[in-house]
Amino acid sequence: APLEGAVLARSTWHDGCPVAVADLRYLTVGFWGFDDRAHTGELIVHAEVADDVVAVFETLFDARFPIEEMRITTPAELAAPPIGDGNNTGAFVCREVRGGSRFSEHAHGLAVDINPFLNPYVAGDLILPELAAAFTERSSVRPGMITEDGSVVRAFDAIGWGWGGRWSSLRDYQHFSRADR
């Protein structure tokens, strides 16, 4: 559905974001929780990739890949410290890249992060979320972790998206994007 009303109001979209509201879509998708029950989550993505993202989450649902939560990121969460007490799977967030001055692929609605606590961002000594250090060791695979040979990477590969877990200068195990950045 188009992004409007209450959903738009609780999102991070604002004047100055690099994508027009008219180019964003609000999705509801099914996912399996860690409680082994089906849930409905919500994402905001660019209209150009909405069908592909729905197909990815249909694949993950069929594979019963566990996701802790999936909801729209709010403006208050952007200002919160990245300690990691949440494990929210999300897509559109109007923000700049970590440590940079250009907008992230999330700000264009062209990226998805899945289970960020279990699949942290690692750049040298920097680990985000900060409390997720135990999940930087990728050889001990636990439910919800993304692996090279797993269903999540295969589903995003099928739509031509890159995975941050393959990057060489840093690893962003939660991150998938159309531009592979």
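Strand S6 (residues 121-123) and strand S9 pair in the antiparallel sense over two bridges, where two strands count as paired if DSSP finds at least two bridges between them, and where strands (E, at least two residues) and helices (H or I, at least four) are DSSP runs numbered from the N terminus. Within this pairing, Val 122 has Arg 171 of S9 as its bridge partner. The sheet to which they belong is open and has three strands in the order S7-S6-S9, with antiparallel pairing. Strand S7 (126-128) and strand S9 (171-172) stand at its edges with a single partner strand each, so one side of each is left without a neighbour in the sheet.

The model is predicted, so local features need pLDDT of at least 70 and side-chain atom pairs count only at pLDDT 80 or more, while totals for chains, interfaces and linings use all residues. Residues are numbered from 1 along each chain as its sequence is written, and side-chain values use heavy atoms, with hydrogens and water left out.

A second pairing joins S1 and S2, again in the antiparallel sense, over nine bridges. The hairpin of S1 and S2 has five residues between the strands, and Asp 36 takes a positive phi near 60° there. The bridge partners named in this report are as follows.

| Residue | Bridge partner | Strand of the partner |
|---|---|---|
| Val 122 | Arg 171 | S9 |
| Gly 30 | Thr 40 | S2 |

The count of disulfides, each a pair of cysteine sulfur atoms within 2.5 Å, comes to one. This disulfide joins Cys 17 to Cys 94, with an S to S distance of 2.2 Å, and the torsion about its S-S bond is about -130°, so the disulfide is left-handed. Cys 17 lies in the loop between H1 and S1, and Cys 94 in the loop between strand S4 (88-89) and S5, so the pair ties together parts that are 77 residues apart in sequence. Both Cys 17 and Cys 94 are buried, a class that means under 20% relative accessible area, with exposed over 50% and partly exposed in between (1.4 Å probe, protein chains only).

Asn 115 is placed in the loop between strand S5 (111-113) and S6, and at 0% relative accessibility it counts as buried. The side chain of Asn 115 reaches the backbone nitrogen of Glu 68 at 3.2 Å. Leaving aside residues up to four places away in sequence, Asn 115 touches several residues, including Phe 34, Phe 65, Pro 66, Asn 87, Thr 89 and Gly 144, contact being heavy atoms within 4.5 Å.

A nonpolar core is a set of buried Ala, Val, Leu, Ile, Met, Phe, Trp, Tyr and Cys residues joined through side-chain atoms within 4.5 Å. The largest such core has 28 residues, and those with the most contacts inside it are Phe 57, Ile 114 and Phe 176. Strand S1 (24-32), strand S2 (38-46), helix H2 (50-62) and helix H4 (151-158) each supply at least two residues of this core, and its largest share, five residues, comes from H2. A second, separate core of 12 residues includes Val 7, Ile 72, Phe 92 and Ala 107. Val 7 lies in helix H1 (residues 5-10) and is buried, with a relative accessible area of 14%. Apart from residues up to four places away in sequence, Val 7 touches Tyr 26, Ile 44 and Ile 72.

Note on methods:
Polar contact = N/O pair within 3.5 Å; in protein donor to acceptor, adjacent residues only side chain to side chain.
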